[in-house]
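Below are my comments on the model, kept to fold, surface and aromatic packing. Please read them against the coordinates.

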Amino acid sequence: MNGRLKAVFNNDFGNPPITQWERTANFDEVSFSKDGQAFTAFYDNSTKLIGTTAEKTFTNLPSKAQLAINKRYRNYSVGEILFFDDNELNETDMVLYNQPFDDADNYFVELKKGNKKIVVEVNMKGDVSYFTRLK
């Protein structure tokens, strides 16, 4: 990790243990652990925080979303759930699962049925929408 990014990261999050740092096509991704929770922070080319993701559970979703997923996707099993916490001060669009999306706090829920894997997006109100298919 370059010195400038490390300084910005430490300013944003303190000095938590970093488990991985990776430069991808779109972002610098810094994985770290804080208070027993795993996070990944995403920085743009100007070393400004875009947002963070954290692993969550089904019960963390708004109850409206839990009901909708159980009804609409009842034949699917629930996989990994990520919560994206947007940095409202940075307008850079985020990319997850190779799909860009408008910056907003959202949950992303992986669902699987047989060999078909999809991701649905859940907003803070609990509205559920199709996001992408995984290969």
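The numbered points follow.

1. This is a predicted model, in which local features need pLDDT of at least 70, side-chain atom pairs count only at pLDDT 80 or more, and totals for chains, interfaces and linings use all residues. Residues are numbered from 1 along each chain as its sequence is written, and side-chain values use heavy atoms, with hydrogens and water left out.

2. Two helices and ten strands make up the chain's secondary structure (DSSP runs: helices are H or I of at least four residues, strands E of at least two). Their order along the sequence is α-β-β-β-β-α-β-β-β-β-β-β. The radius of gyration, 16 Å, is close to the 14 Å that the globule rule gives for 135 residues, so the chain is as compact as a globular protein of that length (C-alpha atoms; the rule is 2.2 Å times the number of residues to the power 0.38).

3. Of the 135 residues, 41% are buried, meaning under 20% relative accessible area with a 1.4 Å probe, protein chains only.

4. The count of aromatic pairs is twelve (Phe, Tyr and Trp rings, the six-membered one for Trp, with centres within 6.5 Å; planes under 30 degrees apart are stacked, over 60 edge-to-face, the rest tilted). Tyr73 and Tyr76 have ring centres 5.5 Å apart and planes at 80°, so this pair is edge-to-face. Both Tyr73 and Tyr76 are buried.

5. For Phe101 and Phe108, the centres lie 5.0 Å apart with planes at 55°, so the pair is tilted. Phe101 is buried at 6% relative accessibility, and Phe108 is buried at 0%. Ring pairs join Phe101 and Phe108 with Phe84, Tyr97 and Phe131 in a cluster.

Conventions:
Buried < 20%, exposed > 50% of the residue type's maximum accessible area, 1.4 Å probe, protein only.
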